[in-house]
Every structure is written in structure tokens, then in C-alpha cells.
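Open the model in your viewer, with side chains ready to show, and follow along from stop to stop. Each stop names what to select and then says what is there.

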Amino acid sequence: MHTLHHPALCETEEKKSRFLATLVPYDQFTDTLAALRKAHPKANHHVTAYRYLNDEDQLIEHGKDDGEPSGTSGMPCLKVLQGRDLINVGVIVTRYFGGTKLGTGGLVRAYSGAVQAVCDNADIIPYVPQGTARLFASFADAGAMEQACARPDITVLDRQFDTLGTLIHISGPKDAITELAARFPTLGSDTPA
């Protein structure tokens, strides 16, 4: 699977209709849609599609036609995201009608083409599942724990000291987090999220 960190934009045209495609990380989807609706109040449609993993690692995906004929826009956009194996992303295609009706086949081609184009322009990266955990080490083992967590892909969110040792809260790639949590468990330990 793949994802992206930064939004990507692309404009395509079909028979004088303009299609402005915006691909964003899913956590920016709702705010971006609201901003696009505000920035483009005269646009005829804001077609959307998204794919993301929820907190239970279930795949949630949806496409919305936003007034276009049923099945001609939202689902073709979603199919591009599926075909590109993208996860935790959303796409919004803002359409300005150019005066010529495209027909069902034309709409499918135009919307899927707009999403293909924005995906081609995006900085697509491999998707790495993320997690968090709390780790504990006695003062004698605290140096080993700190060294094990001193990786560029691990972030220390919080660090606390008590009379028994060091407790740290970390985030990073789920596989690494699980390994570290097994190596430095806390009493009543969190399971990596």
C-alpha cells in the first residue's frame, strides 16, 4: 500500500469543463473539502472519494457524486485510488461546467482522468502502519532503552522518571513499536496502538 504526506493539485480539461483535483492525506480531507467549497462557490460539483484505515484497522472507502449522475464520478475516482493501492487519502475533484454535456462515459473518463493526473503529480510514498506504546526501564536499563528508541522513525512523545526508573511514551512504525514494547514492558503495559 501507498500514501502521501503532502497535498497534490492538478487541473485537467474536457470539452471546456475544468476539473481541479486535490489529493490530500485523509486527516486533512474534511477541512480541505470545506476550504475548496468556500474558495470555489461557483463550481458545479465537488466530487469526493476516500480510503482510510479506522482505529480497528478496517478499510473504509467511499465515493460521492455530488450531484453528477449516479456512478459517473465518485466511484470512478475511488477506483483510481484503489488501483493505485492508496490508503489514508482523500481526493476532491472540483468541476466547472464548460457548456458541453459529457455524457456518462465522458464523465467517467474525465473524473478518473483528473484523479490519475493528480496521482501522477503526487509524492506517493510507501504506507507504514504507525503505533504508540509506553515503555519502562529501570535506571540500570534506561540507557539501553533510550538507545533502542534513538531511531529517526521513532518519536519520544513523553518522558517521566520515578524512583524505579524511566517511563517513555513513543510513536513510530507499528512493527518497531511492538518489538520495543515487548523488550521494555510496563506494568499493566499498553498494547501498541
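Which side chain has a polar atom 3.0 Å from the backbone oxygen of Val128? Select Gln130: a polar atom of the Gln130 side chain lies at that distance from the Val128 oxygen. A polar contact here is a pair of N or O atoms within 3.5 Å; within protein, one must be able to donate a hydrogen and the other to accept it, and residues adjacent in sequence count only if both atoms are side-chain atoms.

Before moving on, a word about the model. It is predicted, so local features need pLDDT of at least 70 and side-chain atom pairs count only at pLDDT 80 or more, while totals for chains, interfaces and linings use all residues. Residues are numbered from 1 along each chain as its sequence is written, and side-chain values use heavy atoms, with hydrogens and water left out.

**Stop 1**

Helices (H or I, at least four residues) and strands (E, at least two) are DSSP runs, numbered from the N terminus. Gln130 counts as partly exposed because its relative accessibility is 48%; buried means under 20% relative accessible area, exposed over 50%, and partly exposed in between (1.4 Å probe, protein chains only).

A pocket is found on a 1 Å grid over the protein atoms alone, as an open set of points where a 1.4 Å probe fits, with protein on both sides within 12 Å along at least five of seven lines; lining residues have an atom within 4 Å of a point. The volume of the largest pocket is about 600 Å³, taken as the space filled by probe spheres set on the points, with grid points joined across faces, edges and corners.

Colour strand 1 (2-4), strand 4 (45-53), strand 7 (124-126) and strand 8 (130-138), each of which supplies at least two lining residues. The lining divides into 11 nonpolar, seven polar and four charged residues. In this scheme Ala, Val, Leu, Ile, Met, Phe, Trp, Tyr, Cys and Pro count as nonpolar, Asp, Glu, Lys and Arg as charged, and the others, Gly among them, as polar.

Asn88 has a positive phi of about 60° although it is not a glycine. Lys15 also has a positive phi, of about 50°, and is not a glycine either; find Lys15 in the loop between strand 2 (8-14) and strand 3 (17-25).

**Stop 2**

Next, select Arg95 in strand 6 (residues 89-96). Is Arg95 buried or exposed? Arg95 is buried, because its relative accessible area is 4%. Show its side-chain partners: Ser17, with a polar contact of 3.1 Å, and Glu68, with one of 2.8 Å. Contact means heavy atoms within 4.5 Å; beyond four places in sequence, the contacts of Arg95 include Phe19, Asn44, His45, Leu107 and Tyr111.

Glu68 sits in the loop between strand 5 and helix 2 and counts as buried at 8% relative accessibility. Again leaving aside neighbours within four places, Glu68 is in contact with His45, Val47, Ser73, Arg95, Leu107 and Tyr111.

**Stop 3: salt bridges**

A salt bridge is a side-chain nitrogen of Lys or Arg within 4 Å of a carboxyl oxygen of Asp or Glu, and the count comes to eight.

- Select Asp120 and Arg84, joined at 2.5 Å, N to O. The pair links distant parts of the chain, 36 residues apart: Asp120 is in helix 3 (residues 103-121), and Arg84 in the loop between helix 2 (74-83) and strand 6. Asp120 is exposed at 54%, Arg84 partly exposed at 27%.
- Select Arg18 and Glu11, whose closest N and O atoms are 2.8 Å apart. Arg18 is partly exposed at 31%, as is Glu11 at 44%.
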